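Dear colleague,

I am handing over the structure we spoke about, and my notes on it follow directly below. Please read them with the coordinates open beside you.

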Amino acid sequence: MFQYTKPFYSLLLSAVKSDPETAHRQMLDTLTKIDNSRDTAWGRLTIKQLQNSFCIEDKRLQQSLWGLDFPNPFGLAAGFDKDGTAAGIWDSFGFGFAELGAVTLHSQLGNPRPRMFRLPEDKAALNRMGANNLGAAVMADTLTQTWQRKPRTIPIGINLCKSKITSLEAAADDYVGSFKLLQDTADYFVINVSSPNTPGLRSLQAGEQLKPILSALQEANQYNKPILVKIAPDLNWSEIKEIIDLALEYQLSGAIATNTTISREGLKTKILSKTGNPLTEEAGGISGQPVKERSTEVIRFIYQETNGKLPIIGVGGIFTTEDAWSKIIAGASLLQVYTGWVYEGPWMVKEVLSGISAKLKEKRMNHISEAIGSEQLKVKN
Ligand SMILES: Cc1cc2nc3c(=O)[nH]c(=O)nc-3n(C[C@H](O)[C@H](O)[C@H](O)COP(=O)(O)O)c2cc1C
């Protein structure tokens, strides 16, 4: 049986070198076409080939969380499939779940291009996309059609962001508006108050601003869908503590740590070659390797503060099994990846998952649940 190979990916990556956003768009269009052709012989064959190349199964990695069955803990992070056009394909790449969006109530173009940059020296990306998307109503239509063709086989989340044209004061209505349109089409929802690319958005992480959003969303949450909050790596401990206290008070299902960072510290890349400007003068959030340690620290902090009672999705700088394992033992129940998947190629999901299975065996653990937060147990004992 045919399997996709790394040389095939090198070809794709050479396209990325020309312009990351164009390459991303082309790739997503191709995946959307494959997803939409799943009823044809060609579509079936292509999807089978993807599954053979990228998927693995291991009972020790399966978890039930919030009443949802996760075949494995490694998911696609928000921002990759903003309009959910390829929503049905992500299981074929071996992901245990996928988060679509960010979607906003009103469609928006996002920031002017160029707005997505690769920083290969740092194994990082800089983006200031600005939540470009077709809006919640279009996404709802797209997903309704997708799930009619093919019921969901992995949990699907939707990352909700405030529309740029909506004032910060009216943010709660904006999030609720999107949620109401989309609540039938996904399994969990994420309140994104941490993207650096929507003006003022991160100020909504402060307690007084966050409360009305959590309260309004939970009031609208008639099917009791899991709602999580995604936080920035640039907050201090007391700010994070305030968010997790509110998350517990409003019975959120979990936290996602973390979004991209606005910090430019420790980067090897000094000048953004595409614009010729110093990186310190370029707006946007950094993802990948530079955010790895901080994201793990934030996971550890949330796990400790909540005694492991608030499930955490760990994201930021995962490239290898070691990166993933550090986040699991710090307290992450689930993981997500964006930048590492682009750099390492789609094989990385299978490689990281096989690596986690091997770690469990090495540590004589029977299930991933024994590993989650286990670093803290060691510290306490
Ligand atoms: C191009 C790009 C777009 C992103 N868009 C979103 C988004 O719309 N909503 C969101 O919550 N996070 C978004 N993110 C952040 C990722 O979901 C993730 O939190 C972050 O990149 C850290 O993970 P990574 O190092 O594996 O990329 C985006 C990241 C990138 C690189």
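**The ligand and its surroundings**

In this model, which is predicted, a polar backbone atom of Ala102 lies 3.1 Å from an oxygen atom of the ligand. The protein covers 97% of the 610 Å² of accessible area that the ligand has on its own. In total 21 residues surround the ligand, and the closest of them are Ala78, Lys230, Gly288, Gly317 and Thr339. Sorted by class, this shell consists of 12 polar, 7 nonpolar and 2 charged residues.

**Strand E13**

Gly288, listed above among the closest residues to the ligand, belongs to strand E13 (residues 285-288), which is covered on both faces, with Gly285 and Ser287 buried on one side and Ile286 and Gly288 buried on the other. In a regular strand the side chains alternate between the two faces of the sheet. Strand E13 runs antiparallel to strand E6 (residues 124-127), to which it is joined by 4 bridges, and within this pairing Ser287 of E13 has Ala125 opposite it.

**Helices**

Helix H2 (residues 20-36) contains 17 residues, and the distance from its first C-alpha to its last is 24 Å, close to the 24 Å expected at 1.5 Å a residue. Its buried residues are Pro20, Glu21, Ala23, His24, Met27, Leu28, Leu31, Thr32, Ile34 and Asp35. An α-helix has 3.6 residues a turn, so residues three or four places apart point the same way.

Helix H11 (residues 347-362) also agrees with expectation, because its 16 residues should span 22 Å at 1.5 Å a residue and its end C-alpha atoms are 22 Å apart. Among the buried residues of H11 are Trp347, Met348, Val352, Ile356 and Lys359. After H11 comes Arg364, which has a positive phi, near 55°.

Helix H12 (residues 374-380) includes Glu375. Is Glu375 buried or exposed? With a relative accessible area of 17%, Glu375 falls under the 20% cut-off and therefore counts as buried. The side chain of Glu375 makes a polar contact, at 2.6 Å, with the side chain of Arg300.

Notes
Residues are numbered from 1 along each chain as its sequence is written. This is a predicted model: local features need pLDDT of at least 70, side-chain atom pairs count only at pLDDT 80 or more; totals for chains, interfaces and linings use all residues. Side-chain values use heavy atoms; hydrogens and water are left out. Buried means under 20% relative accessible area, exposed over 50%, partly exposed in between (1.4 Å probe, protein chains only). Helices (H or I, at least four residues) and strands (E, at least two) are DSSP runs, numbered from the N terminus. Two strands pair if DSSP finds at least two bridges between them. A residue is near a molecule or strand if one of its heavy atoms lies within 4 Å of it. A polar contact is a pair of N or O atoms within 3.5 Å; within protein, one must be able to donate a hydrogen and the other to accept it, and residues adjacent in sequence count only if both atoms are side-chain atoms. Accessible areas come from the Shrake-Rupley method with a 1.4 Å probe; for residues, only the protein chains shown count as cover. Ala, Val, Leu, Ile, Met, Phe, Trp, Tyr, Cys and Pro count as nonpolar, Asp, Glu, Lys and Arg as charged, and the others, Gly among them, as polar. The expected span of a helix is 1.5 Å times one less than its number of residues.
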